[in-house]
Each structure stands twice: as structure tokens, then as C-alpha cells.
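The sequence and structure come first.

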Amino acid sequence: MRQATVYIDSTALQYNLNRVKQLAPTAKIVSMVKANAYGHGVKDCLAALKDSDAFGVACLQEALEIRELGYQQPITLIEGIFSADEMQIVINQNIEVVVHHQAQLDWLLAHKDAYITKGLKVWVKLNSGMNRLGFKIDVIKQVINQLKAEGFTCVLAMHFANADADHPLNEEQVQQFLEVKNDCAPLMGSCCNSAAIYKYPELHFDFVRPGIMLYGATPFADKTIHDLDLKPVMTFTAEVIALNHIKAGEHVGYGSTFTADQDMTLAIVSIGYGDGYPRAFPKQNYVAINGQQTRVIGRVAMDMIAIDATDLNLQLGTEVELWGKTRLVDDVAEANGTIGYELLCRMSARPVRKLV
């Protein structure tokens, strides 16, 4: 049987959650499990994240999956509801909504009594410069004051555009957030994602929203998970299915993009872009075998890659780490010209998944 396997390390996931608790000891933790827990499999991850105060998802379908799995923690829809008919469902399922435009506000007010009776908080989104979702500062104060007057419990929410970098917009966003929070006091607040949890401890407020750090990948371009004291949760592996010996001058793979400059041994590995392994590598990419890294040779195909097995004494069935503890997903992403988030989230359903 073809072996491409995704191992999910629940102990590492718990470790990373505890890192959030260490970094933000006074804030409640809304663990982000959207996009199938960043590609890790929400069913496998929820048990390790059960000590979270709440969960965050992008849409109602994701929230209902959590409820169907039996978890009763508060859930926040970070993009809110998408139509009026979803409001009664979120109330019935004790799901909290973000409000970021007038239609959502109207839908909420139309269900005021039921929502308040359930004790659900309303997350009101400030557009402080990201310019995706939210009310601008000249509108949001009125919205919050209206909701408070109607009896709602509100949380002011914001998302940094550049939390992972030093950027002048960061200070502008912080100042807008603080202005609204102060002018509408008392008011709970939440503005820290993974990067901001590290960078802005003074802004943890009532709720932090860790995402990528939970899964053992870095939110920073210039810091590794070792710098951040995090552990990788996903290990992605496949097996050697063939060994080839080629002469100097022979080519490898589609497009014959690789030409051997010496006699070589190649190992063919049962993985490809059909499994979610990226195809395009502007920079040289590597895999790991028994803690030792070796080159990926030629183009990635739908189902196979070739690696340099010269002097490695590999056998058929040898397990190859595509990313995990030795070859970090962030390193593979950097060679691919992207970020670890994308590689994790676009994993296909083809690899076998195992919880360890």
C-alpha cells in the first residue's frame, strides 16, 4: 500500500497551548481551529486543545462541526454570519458572532432578546487599517454604544496587518483600538494573534487568539519555532519506492530540469502535489532521513519526487520526512516562496492521518 502519512503530535499541541498560557497568563485563550485546524484535522486537535477557553472559526459550518464532536466551549465566528437565517442557528448552538457591517448588526438586533438571554458576547470588529472587515473608528463607537444600550455584552476586536514586523501602521492601529476601548469603557478587548501575543504583551487584554503558533509553525519571517519555544505538531512523511543509479550527464524528471554532474543514486519517494506537497521551488528544497537532510532533485510530480540518495544507503520502504521535526515546515515554505500556513492548510485528503 502506498504510504504517505501525516502524524499529528497531540503532546506538542498541548505544549504550544501551554506556551500561550505562559505568555498571556491573564487573558482567556480563543484557540483558532479554522480551516480544519490549519490543515491538521479539527477532530484530532480538539482533544489536545480542550483546555482552551474558546474556539475561533471562520464560518458556521466549522462551528457546527465542533458542536457535533461534543465540545461545548464558546465558539466565535470571526467573520460573523453570512445571512440572516444563520442567526437563529448560532443562538441555538451557543455560538458568538463578530459584527463587522450594518447588515450583520441588523440581523443581530432582530434577535436581541434570544441572543442576550443565552449570555452570548458580541464581538465588534474595528477596521483600523487592515481594510478587510470592520467598522471604521468614526462609526464603531456609535455601534458599540448602541449595542451596550440594548443590553449586549461587547468585545472590541481588531486584527493587525503587520504584527509580524515593525511597521508604522502598527502604532496607528494600536492607538485607534485604545481610543475606542477607552471611549466606550467598560469594554472587553481582543487584538492579539500569534505574532502579537509575542510582540505586544501589554495588549493581551481579555482574549488572545493564537493560531499558527499552536501548530508549531512561526508567525515571524526572522524567528524559528526554536526561537519561540514551540514544537512542530505535524510530521509529514512518505516512503522510498524505488532506487535508481544514474550517470553524470543524465537528466531527472519532467522538463529534464536536473542534470547530474556526477554518478548518483536517486531515491523515488511516494509523494507529490496530489498529496499537498508543493511543486514550485524557487530555492533548493530538502527532505530529512534519520535527522539528515538531503536534496530534492528535479521537479515535483503529482505522485512522486526524486531525492539525492548518494552515500545514504537507503532501502525500499525507508521513511522520508517531508517536513516535521528536522525539516521544519517553515523551511519548506521559504524554499517554496510562501509561508508555513499555506502548506499546512492545503494538505490534501490523500495522506493517511495518524494521531500520536
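Phe 55 and Tyr 71 are both buried (under 20% relative accessible area, with a 1.4 Å probe and protein chains only). The model is predicted; local features need pLDDT of at least 70, side-chain atom pairs count only at pLDDT 80 or more, and totals for chains, interfaces and linings use all residues. Residues are numbered from 1 along each chain as its sequence is written, and side-chain values use heavy atoms, leaving out hydrogens and water.

**Aromatic rings**

The structure holds ten aromatic pairs. Rings of Phe, Tyr and Trp (its six-membered ring) pair if their centres lie within 6.5 Å; planes under 30 degrees apart count as stacked, over 60 as edge-to-face and the rest as tilted. Phe 55 and Tyr 71 form an edge-to-face pair, with 6.3 Å centre to centre and 90 degrees between the planes. Phe 55 lies in strand 3 (residues 54–57) and Tyr 71 in the loop between helix 4 (60–68) and strand 4, so this pair ties together parts that are 16 residues apart in sequence. Helices (H or I, at least four residues) and strands (E, at least two) are DSSP runs, numbered from the N terminus.

The ring planes of Tyr 277 and Trp 323 are at 20 degrees, with centres 6.3 Å apart, so the pair is stacked. Tyr 277 lies in the loop between strand 13 (264–269) and strand 14 (286–289), and Trp 323 in strand 17 (residues 319–323), so parts 46 residues apart in sequence are tied together. Tyr 277 and Trp 323 are buried.

Eight strands form an open sheet with parallel pairing, in the order 8-7-6-5-4-3-2-9; two strands pair if DSSP finds at least two bridges between them. Strand 8 (188–190) and strand 9 (207–208) are the edge strands, each pairing on one side only. Strand 4 (residues 75–77) and strand 5 (residues 95–99) pair over three bridges, and Leu 77 has Val 97 in strand 5 as its bridge partner.

**Charges over rings**

A charge sits over a ring if NZ of Lys or CZ of Arg is within 6 Å of the ring centre and within 35 degrees of the ring normal.

| Charged residue | Ring | Distance from ring centre |
|---|---|---|
| Lys 223 | Phe 220 | 4.9 Å |
| Lys 231 | Tyr 15 | 4.3 Å |

Note on methods
Buried < 20%, exposed > 50% of the residue type's maximum accessible area, 1.4 Å probe, protein only.
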